[in-house]
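Grab your viewer and work through a few exercises on the structure below. Each one comes with a solution you can follow step by step.

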Amino acid sequence: MTDPVDPHQALSDGELSLRRTPASDGVLAFAVFHRRHVVGEMAVRDLGDGVGDLRWEIEPSHRRRGYATRALRLLVAYAFAELDYLRLEARVPRADVASTRIAGRSGLRREGVQRHRDSEVLLLGRLRDDPEPEASVGFRALLNSTLPRKRAIAQLAVRDQHGRLLLCNLTYKQDWDLPGGVVEDDESPHAAAERECLEELNLDLRAGRLLLVDWLPAWGGWDDACVFVFDGGVHDASITDAIVPQPREIRRAEFCDETQIADRCADFTARRAGNIIHGDPGELRYLESGR
């Protein structure tokens, strides 16, 4: 990007200003002044294709005074309006809460995590057409990007006339589980339970009322999740003749009694199954790890 502004011209909000300093090719660097005193530095590095990478540093003795946020807002506005950037982004160590807040107050949304050998870095970005962070829609978008993304799983409790539960032997783990799977973005758990059974078992079953919600802590490489189990109805055991397992995820599926459940399932799944078999059919239950 070519800087169209006289290098001696300052960007200012009336009290805080940015003044160009020498920098290498592809980088525009600025000294941050509060009145007549240098309090830090900022830069935007050209990544090509209309994308700029932001960097900032405020001297320790001048931190916690809002200088970084004010200066970064000046630089962001200048980069979009005068340098014609389409996107600005920043990479901040995940543990650096202060810098993450500075980026957010300047309109950069949290977009993901980049893993390195010994650390993790947050990727934050803003598009030129994004609403200002002071606008209600802009603030909601920023806040939404920082909130936890908890996984949701939807399952069906499908029983036969003998009271057995339909279980699936999964390809990616040894233990068996109820039919179902992860809820997709913008999909209800109710719809997900039906979709997963159709996709993975070729069973077009209706999800009835919600039987229980089971929170699972992080385990075996999986993040924590909330499991929604819906009533899948009582069916003749011959329903398994219609099952066509999705080979990438399902080895086989069959109705199991309590002895088989205890032998085949992880302990938390067995406890969840026990709640389904012995619980009050009219009571909605909340569990944690099947308890």
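A salt bridge here means a side-chain nitrogen of Lys or Arg within 4 Å of a carboxyl oxygen of Asp or Glu. Keep in mind that this is a predicted model.

**Exercise 1.** Work out which parts of the chain the salt bridge between Arg-264 and Glu-254 ties together.

*Solution.* Start with the distance: the side chains of Arg-264 and Glu-254 meet at 2.8 Å, N to O, and the cut-off is 4 Å. Arg-264 sits in helix H5 (residues 258-264) and Glu-254 in strand S15 (residues 250-256), so the bridge links parts that are 10 residues apart in sequence. Last, check the cover: Glu-254 is partly exposed, at 23% relative accessible area.

**Exercise 2.** Decide whether Asp-53 is buried or exposed, then find the network it belongs to.

*Solution.* Asp-53 has a relative accessible area of 0%, so it is buried. Its salt-bridge partner Arg-45, with closest N and O atoms 3.6 Å apart, is partly exposed at 36%. Now follow the shared partners: Arg-45, Asp-53, Arg-55, Arg-87, Glu-89, Arg-91 and Glu-111 end up in one network. The whole structure has 31 salt bridges.

**Exercise 3.** Find which element gives the most residues to the largest nonpolar core.

*Solution.* That core has 32 residues, and Leu-18, Val-44, Leu-54, Trp-56, Leu-75 and Leu-88 have the most contacts inside it. Elements giving two or more residues include strand S4 (37-48), helix H1 (67-81) and strand S6 (87-93). H1 gives the most, with 10 residues. For a local view, pick Leu-88: among the residues it touches are Val-44, Leu-54, Val-76 and Phe-80. A second, separate core of 21 residues includes Val-183, Leu-201, Ile-239 and Ile-250.

**Exercise 4.** Count the disulfides in the whole structure.

*Solution.* The search gives 0. Take Cys-168: the nearest cysteine sulfur, that of Cys-197, is 7.1 Å away, while a disulfide needs the sulfurs within 2.5 Å. For Cys-265, the nearest is that of Cys-256, at 6.8 Å.

Note on methods
Residues numbered from 1 in each chain as written. Predicted model: local features only at pLDDT ≥ 70, side-chain atom pairs only at ≥ 80, totals over all residues. Heavy atoms only, no water. Core = buried A, V, L, I, M, F, W, Y, C linked by side-chain atoms within 4.5 Å. Buried < 20%, exposed > 50% of the residue type's maximum accessible area, 1.4 Å probe, protein only. Helix = DSSP H or I, 4+ residues; strand = E, 2+ residues; numbered from the N terminus. Contact = heavy atoms within 4.5 Å. Lists of a residue's contacts leave out its neighbours within four places in sequence.
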